[in-house]
Amino acid sequence: MQAEARAARLKLMAFDIDGVMTDGRLYFTEDGKEFKAFNTLDGHGLKQLQKAGITLAIITGRSSGAVAARAANLGIPHLYQGVENKRECLERLLQTLQLPWEAAGYMGDDVVDLPVMLACGFCAAPANSHAAVLQRAHQVSQRRGGEGAVREICDFILAAQGQLDAALAPYLQAPAAPQP
């Protein structure tokens, strides 16, 4: 089945953080506090998915206050941090939401993401993902993790569901001419 057909069925899209929403580097201050940088293009794409009726989730192996703050900032309702088995975590969420695996997608970048990616109806990866992930992803972004890869996949999903034009329309309207 083509990636577009798979993405057209999505009701839930989940994302990893490190290497997907970030560039994968871990930043620590001298006193050991961790911080992360997120891409605003990705954030807007995630909001557009939500407006289109797709439920969002973050499932990540690490725990970070920065991730919790970003999820809250974007209104992402399902945040799971410190997860060892991402597939089991998503399976529980699907049961709660009463959705089949075919309606779920996941974007990951490393081999630890493969079990959940391969269970989903649609899976995506940033361009700089591990080779085993790139070989198995239904859609690979041209951009690297943390550099707009998530936005690219969000736009792909919106296009597959016939909603990209409507999502872009408010930004493409010409402003009214000034009155003399």
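Predicted model: local features only at pLDDT ≥ 70, side-chain atom pairs only at ≥ 80, totals over all residues.
Residues are numbered from 1 along each chain as its sequence is written, and side-chain values use heavy atoms, with hydrogens and water left out. Local features need pLDDT of at least 70, side-chain atom pairs count only at pLDDT 80 or more, and totals for chains, interfaces and linings use all residues.

**View 1. D42, a buried residue with no salt bridge.** D42 sits in helix α2 (residues 40-51); helices are DSSP runs of H or I with at least four residues, numbered from the N terminus. Buried means under 20% relative accessible area with a 1.4 Å probe, protein chains only. A salt bridge would need a side-chain nitrogen of Lys or Arg within 4 Å of a carboxyl oxygen of Asp or Glu, and the nearest side chain of opposite charge, R70, is 6.9 Å away. Look instead at V150: its backbone nitrogen lies 3.3 Å from a polar atom of the D42 side chain. Contacts of D42 (heavy atoms within 4.5 Å), leaving aside neighbours within four places in sequence, include V20, M21, G146 and V150.

**View 2. I54, in the loop between α2 and β4 (55-59).** I54 counts as buried because its relative accessibility is 4%. Not counting residues up to four places away in sequence, I54 touches L10, K11, L12, M13, L49, I157 and Q161. I157 is 103 residues from I54 in sequence, with 9.7 Å between their C-alpha atoms.

**View 3. L168 in helix α8 (residues 164-172).**

Notes
Helix = DSSP H or I, 4+ residues; strand = E, 2+ residues; numbered from the N terminus. Buried < 20%, exposed > 50% of the residue type's maximum accessible area, 1.4 Å probe, protein only. Lys, Arg positive; Asp, Glu negative; His and termini not counted. Polar contact = N/O pair within 3.5 Å; in protein donor to acceptor, adjacent residues only side chain to side chain.
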